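Colleague: Hi! Could you walk me through this one?

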Amino acid sequence: MVEDNHNITLWGEDIPWLFGLREKGRQTTKAIGLPNAKTEAWKYSHFAPTILDTYHIDTTPHHCDENCHCHDEKASTPFAAYYIKFCNGKLANEHFDLPAGVTIKSLVEAIFDGDAKAYLGKSFDLEKFPFAALNTAYLEQGVMLTVERGTVLDRPILLHYHQHYGTPQINHLRNIFVLENRSKATIIEYFTAESNAEYFNNLVNEIYVREAAQLQHYVWQNEAVAARHVALTSVEVRKDGTYNCFCAQSECVLARHESYIRLQQEGAAAEVNGVYRLMHSGVSDITTNIAHLAPHTVSNQLVKGVVGGAAKGVFQGQIHIAPDAQQTEGYQLHRALILSDDAEVDAKPELEIFADDVKCSHGNTCGDLDAEQLFYMQSRGIDLETAKQLLIEAHINEAFEKINDNNVKTWLKKNF
Amino acid sequence: MVLLKIENLTAGVAQKEIIKNFSLTINAGEVHAIMGPNGAGKSTLSYVLAGKSDYEVTSGKAWLNGQDLLQMKPEERANAGLFLSMQYPVAIPGVSVSNFLKHAVNAKRKYAGLPELDAAEFLKLLRSAAKELGISAEMLKREINVGFSGGEKKRMEILQMSLLKPQLAILDEADSGLDIDALRVVAEGVNKLRTADNALLIITHHNDLLDLIKPDFVHIYADGHIVRSGDANLALELEQSGYKSFLEEV
């Protein structure tokens, strides 16, 4: 894949540090290859590397007419937001209508201006993340968002990624979100597509939450059924900062949401909650790695899943507590409903605790719908199918309740 | 008018016969009590009548309003007028009382060919029914039976009964776990719902509830069937002599 395409021309090849970073991505990809059955972090959701050869990278500029669905703000969300739009993996906005204290630049511009240099590729090791290495080799598309010190956003920033039907395409998308001290923002990433589109979104977000800053991050991978979506969200949280993420995954070939979170300083906190529901086929994967690197750090995770047909759900949750990270708390809970014999759920909690004064717990349950609950509803006249739907909704709703923003909660609950 | 007719019913669970050759007829306007010792299979009888799938009927027949009860799905039985107030109502985390009951009420309306109630109409109905039973509006927002006390659960069962207006209500140990005040609330709730067109089947192993809801017929149940039937005085007799003397008659 890399060898086939490395002669494509990307913007900024004459910028030495950018060239160096891309080259490092390329070399890492060559060295480690793509994940296979032996790659622990991809044990349950790897796929044949040759599949990548079916996608091409589109280096042409963004073109779409005014009727393009992704330009219609009303089609996105029922509430007001600051819109950033991607169409077929290309940034489609020319202007951003933003309040004071917030800057959004295309990644190209942020690289050109030098803003991105201190952040790009700084929050994780490429060697650990094969698709992020590949993403780095091709980085060009994306945005850099900076919320200045003390700025509190009055409405969410919505990144809406839309894919049209066309030749199967791979989009390497790279964003940087920086929340300076005591700033507060909500970022929604919403992925949609024409129903018959075939594509691969390979996304990397690098997020920097500075002192006492708060980020609510919502992701809805509402991709086309034939889509693949692999995302790495790498987050650094400093003193008293908060990073809260909620990820919703709908039916597609592969949806992977990987969170790599470093709680670097005292008082840093993170949550990763999510839901997945695949009733026919495909793989849904929520993988987390949360490192408590300082005392008094807290993390919470609640993931609720539903699989039917021949679908597979994966939850891998790693909590690492460093030796001096005393008085930390790390909680993790994954519950899945398996509604058919051919459906599968793989769950792998991993707790590495090197401090002695900590509170940690993890839990996993997988099972069918409760027969007693179903009978209770039927005995009140509710037909079996409706009773099942009610129980599935109830199962998922427990995770939706973790969403702090009421607009987002209502929108997701209604449309998921 | 015959509401429920059971003829020589034999049923059980996992190949084990629990109900043996059981017969009973209940007419509109009547209150029947089935009394029996713990473990006699009284709850099994209620589950078999409500259609719980774990239980298998091996022989016998049952009709609800002339319809073949045993051929009906549990939800059809409910919509056709059968209601089972359970001894241990199950908690359903994530489903609110009001959402649950809205589905139940509308299912019954749909079955009867009536238009479904919208959210506002239903809420009005629910609130007024809840008020009658001293159930707060706050409680209706809670997840059904989750963290409810014994009394709250039983009151919730009676609330459901009052909304669904069954023709035949089976109260399975409706008094278990209740103090005397809670018992009174439940009994008053049930008594208010009594009409000449509906009937009650009270399953219990002691007299407390029967002091408050007067039965027309009392049946002593042992070894899977009725061993003796009588009027309300039979319950009093039972209270004095205990089950032992009746069981010896078997």
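**Helix packing and cysteines**

Modeller: Helix α3 (residues 97-111) and helix α6 (residues 150-164), both of chain B, pack with their axes 10 Å apart at an angle of about 30°. Helices here are DSSP runs of H or I with at least four residues, numbered from the N terminus; axes are lines fitted to C-alpha atoms over the stretch in contact, with angles from 0 to 180 degrees between N-to-C directions. This is a predicted model, where local features need pLDDT of at least 70 and side-chain atom pairs pLDDT 80 or more, while totals for chains, interfaces and linings use all residues. Residues are numbered from 1 along each chain as written, chains are lettered from A and ligands numbered from 1 in written order, and side-chain values use heavy atoms, without hydrogens and water.

Colleague: How are α3(B) and α6(B) oriented to each other?

Modeller: Roughly parallel, a label for angles under 35 degrees.

Colleague: And which residues of α3(B) and α6(B) meet?

Modeller: From α3(B), Val97(B), Phe100(B), Leu101(B), Ala104(B), Val105(B) and Lys108(B) meet Met156(B), Leu159(B), Gln160(B), Leu163(B) and Leu164(B) of α6(B), contact being heavy atoms within 4.5 Å.

Colleague: New topic: how many disulfides over all chains?

Modeller: Zero, searching the whole structure; a disulfide needs two cysteine sulfur atoms within 2.5 Å.

Key. Helix = DSSP H or I, 4+ residues; strand = E, 2+ residues; numbered from the N terminus. Parallel < 35°, antiparallel > 145°, perpendicular 65-115°, else oblique.
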